[in-house]
There are 2 protein chains.
Amino acid sequence: MQHDEIPSPAPLKAGALRVLPIGGLGEIGRNMAVFDFDGSLLIVDCGVLFPEESQPGVDLILPDFSPIAERLAEVEAIILTHGHEDHIGAVPYLLRMRPDVPIYGSRLTLAFLKAKATEHRLSPDLHEVSDGEQVQVGPFGVEFLAVNHSIPDAMAVAITTDAGRVLHTGDFKVDQLPLDGRVTDLNGFARLGDEGVDLLMIDSTNAEVPGFIPSERDIMPVLDSVFAKARGRVIVASFASHVHRIQQIIDMAVEHRRKIAFVGRSMVRNMHIARDLGFLSIPEGTLVSADDLADLPDDKAVLICTGSQGEPMAVLSRIANRDHAISVGPSDTVVLASSLIPGNENAVNRVINGLTKLGASVVHKGNALVHVSGHASAGELRFVYNLVKPRFVMPVHGEWRHLVANAAVAQSVGIDPRRILVVDDGVSVDLDEQRAVISGYTPVGFVYVDGSSIGDLTEASLKDRRVLGEEGFISIIAVVDIVAGTVVAGPEIHERGFGEEVLSEGVDDVTGKVREALEQALADGIDDPHDLQQRMRRVVGRWVNATHRRRPMIVPVVVEA
Amino acid sequence: MQHDEIPSPAPLKAGALRVLPIGGLGEIGRNMAVFDFDGSLLIVDCGVLFPEESQPGVDLILPDFSPIAERLAEVEAIILTHGHEDHIGAVPYLLRMRPDVPIYGSRLTLAFLKAKATEHRLSPDLHEVSDGEQVQVGPFGVEFLAVNHSIPDAMAVAITTDAGRVLHTGDFKVDQLPLDGRVTDLNGFARLGDEGVDLLMIDSTNAEVPGFIPSERDIMPVLDSVFAKARGRVIVASFASHVHRIQQIIDMAVEHRRKIAFVGRSMVRNMHIARDLGFLSIPEGTLVSADDLADLPDDKAVLICTGSQGEPMAVLSRIANRDHAISVGPSDTVVLASSLIPGNENAVNRVINGLTKLGASVVHKGNALVHVSGHASAGELRFVYNLVKPRFVMPVHGEWRHLVANAAVAQSVGIDPRRILVVDDGVSVDLDEQRAVISGYTPVGFVYVDGSSIGDLTEASLKDRRVLGEEGFISIIAVVDIVAGTVVAGPEIHERGFGEEVLSEGVDDVTGKVREALEQALADGIDDPHDLQQRMRRVVGRWVNATHRRRPMIVPVVVEA
């Protein structure tokens, strides 16, 4: 259903629970759900979304906090399911509005959040919880259940109020051979299922993928063979939060008698945290500095760095561009041990081509099993549906296509389609007397972070950027004495991104036409600068279209002398 | 090897053949190779490249004709291997420089070229050739061999001079069950191999893909099942040149008693050409207009349209955006019967999400075998290597990673790696006495078409566009009487894409600072407007960085009163 067909929600009925997804439904990222019961709010996750090409220059996109802006005092807690940016990244922005919100999460999740908060000069109120722990925050009973995902220490949460019980899986998969032995708590899911789950909010990211995600352990023999064949250095790029993948690389390095070094700020910081907390095990003497690693023979060295998504400023891209102290050559092996996030294909492709041209062998998920996804695919989702036996289902975390695919998976195990609520950001679901219904649409938008401004960047400015980025601009400036009705100086014409040489041939022609139009307008008694500017714009627009068949932004300026 | 390590080529030795790839090596697109022998030139293909996001606003990219610009009179002919844009699209631009170059190609290839040339108001000198035909153009003996590809009537060419024989595959695959029964002429390849091929130039696009591309016919049962399940309309988007895929759709429509309509300018034009020439068979009464189709019951209608790459102005994107006369709903089935060209992932994803949200079922290569590639994968390449037994190999048509992968395939069948020449655009190979060697690097660049300007757009303007597109601009304008040393009017500040509201709070602050700096400079006797502008730029730059942590383009303008 389109938003324009959904009315605003009615006031929440006494005794009912409202679930309002603010982010993460209809998109991959900025996950955030608000639970509203008896005048109290509980927030699950508060992440950021990374912009795509239609949002140029944007640093981050936040969930739109406006639906809860007037009710911040009623927020009992923020529950964090795990430490990925798309689940914790917007917390500092919410804390700016109310710094003392209690935050609950697992040890690693809170450690990653704390490092982030420190960068924002915030000291949040953190409450560490363990697998299986239950806490009461206001009217919400919250139980934490272990799940596996592409970061350690992830959790699902069961939220119980008098209105019923909701199980929110967070992001999860059901790897039966996780590296840390911490399996997804299917026993807990089963117990909750037997007790009764009224609404299951369940990760949709991989719902389109049939079958089962291979185990993390299936990567090991592939990495082993890569290390065995490598004659020179092994350079591995991965996500700076993928502790288990990094552990695998370290284990391989030890096995093949190599030393490792971390390169890249976020990689160094996160691996330091993970090691301190016991999530990463590095045998004594294995970890060296990048400088010390450079002194070792190539066949003794493993570099672990950022840049697996082709980010232009990350270590790997700079190596591929020959713009980094570390250079690679024909004997080196580069492993991209990560997924390829949609939209990054060209950037990653550039990195692979650059490294290949320098002679390196590049191993990536396109040619070897060096990454497995962290999200449950259809086969795994079916296990969860059958264990939990939910009365109602609300697919979460995914674009519309993923939510719809997850709904089809639910239906495939016999769940009545009328009990599957496919909704996106802003569409709330009310749970009352064990029935869940769509209750309305609350407008939520994109909140852009750009430099130090948060939420000030408008869609109009983004549209301007898109035009400027495609065609550049031409500005035309005239100094006018409006009282005397004369053009005092100019018109002068300037361009950026249009093509200086392209413009220069016609400068006299177009400035002459603009001067004529201006003088005519002034003679006609036009004295509104805005009106004069419109006339200048029209003259330039017609000229540029006729002579160059292009549509740059045209910026007319009348300066009053 | 990097270009900066390769010297310019020495003058061509008498009796030797020089092969200079101008486009298509190190990139996917704008394929063009120049053969230089005894003072005569022969060109194989002359295509365009479509820009990627780092080339904003560019319409097309042409091969850089500068290496042959002084020798156009010596061009004996252009040989076209097939009718795709990346093989014929730049021909009109070459013809503007010399309109009477003879052009050789197959019937469909020349028909597509002619339609294109007509749009450019050109009447090229066309010479139709058939499978197996041999022609002599100047000192070049040229033999044409049938190949299959994702467009009918594609050809490989064998070029024989006194220096030796080169076989150029063009784009090809080795489908043993092609829809039109026209198999790749492996007999011809075998005969040439037995006679001796000195240099094999061979399509690398799919060299990274192991095994064999499924046959075009393998798509039929999948389409059959899609049509059998479809309750409402079937809307198929594909490439407007993929005549065989469109034929399959038409056959399915007939089988399932549906009528078809073509929508989209290029689709209508090309299918008209293909039908006229006998490459497309549409039973009488099957093809109707889009308007007539709208009057039929939904389960009798098939729409064939453009937009399979998510192009924003193409029919399918507009349908997904509810911005087209054709609307889709829950009973409709949309099939994206095409590949997904790298870089288009986000755009296609948007279309799939939009259609899914409107309720349509979307079938695409990610969830069904509705497309197979037109390029030979590694298994097929091995057949060709073993049949042709080339003395030397030059992988063509692909990014560096694909060229390297193709070299590895050649090596896997026993070709000496010293006889495999991996080169990219501008790096020439000389064939002399049956030996091929890299002879040097001739600088070639990107030639951008933007509106009506060809080649005028510089890298500097593109860089400006990237900055403008990311952060917008701030312009600051002051009218100055340099002789009197006074600021007559302004400074005025304007922005686009930076954020009007963001800027407005600080307008007085920054314009005050700029005025101060200007007055100080004028008092110090600075009278160079450029110098004054630099000072304005610095003040604004420091201010915007300090207050907003951003780096918009800053455009200072001093108007002399």
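Student: With which side chain does the side chain of Glu143(A) make a polar contact?

Tutor: A polar contact is a pair of N or O atoms within 3.5 Å, where within protein one atom must be able to donate a hydrogen and the other to accept it, and where residues adjacent in sequence count only if both atoms are side-chain atoms. This is a predicted model, in which local features need pLDDT of at least 70 and side-chain atom pairs count only at pLDDT 80 or more, while totals for chains, interfaces and linings use all residues. Residues are numbered from 1 along each chain as its sequence is written, chains are lettered from A and ligands numbered from 1 in the order in which they are written, and side-chain values use heavy atoms, with hydrogens and water left out. For Glu143(A), the partner at 2.4 Å is the side chain of Arg191(A).

Student: Is Glu143(A) buried or exposed?

Tutor: Glu143(A) belongs to strand 9 (residues 140–147) of chain A, where strands (E, at least two residues) and helices (H or I, at least four) are DSSP runs numbered from the N terminus. Beyond its neighbours within four places in sequence, Glu143(A) is in contact (heavy atoms within 4.5 Å) with residues including Gly132(A), Val157(A) and Leu192(A). Buried means under 20% relative accessible area, exposed over 50% and partly exposed in between, with a 1.4 Å probe and protein chains only. Because the relative accessible area of Glu143(A) is 7%, this residue is buried.

Student: How are helix 5 of chain B and helix 6 of chain B oriented to each other?

Tutor: The axes of helix 5 (residues 219–229) of chain B and helix 6 (residues 243–255) of chain B come within 10 Å and cross at roughly 45 degrees; such axes are lines fitted to C-alpha atoms, for helices over the stretch in contact, with angles running from 0 to 180 degrees between N-to-C directions. Angles under 35 degrees count as roughly parallel, over 145 as roughly antiparallel, 65 to 115 as roughly perpendicular and the rest as oblique. Helix 5 of chain B and helix 6 of chain B are therefore oblique.

Student: How many charged residues has the contact of helix 5 of chain B with helix 6 of chain B?

Tutor: Among the residues that make this contact are Leu223(B) and Phe227(B) of helix 5 of chain B, and Arg245(B) and Met252(B) of helix 6 of chain B. Ala, Val, Leu, Ile, Met, Phe, Trp, Tyr, Cys and Pro count as nonpolar, Asp, Glu, Lys and Arg as charged, and the others, Gly among them, as polar. By class, the contact has seven nonpolar residues and one polar residue, and the charged residues number four.

Student: Is His397(A), which has a positive phi although it is not a glycine, buried or exposed?

Tutor: The phi of His397(A) is about 60 degrees, and this residue is found in the loop between strand 18 (392–396) and helix 12 (400–412) of chain A. Because its relative accessibility is 5%, His397(A) counts as buried.

Student: Is Glu433(B) buried or exposed?

Tutor: Glu433(B), not a glycine, has a positive phi of about 50 degrees, and its place is in the loop between strand 19 (427–432) and strand 20 (435–441) of chain B. Since the relative accessibility is 65%, Glu433(B) counts as exposed.

Student: What is the omega of the peptide bond from Gly490(A) to Pro491(A)?

Tutor: Pro491(A) lies in strand 24 (residues 486–496) of chain A. The bond from Gly490(A) to Pro491(A) is cis, and its omega is near -5 degrees.
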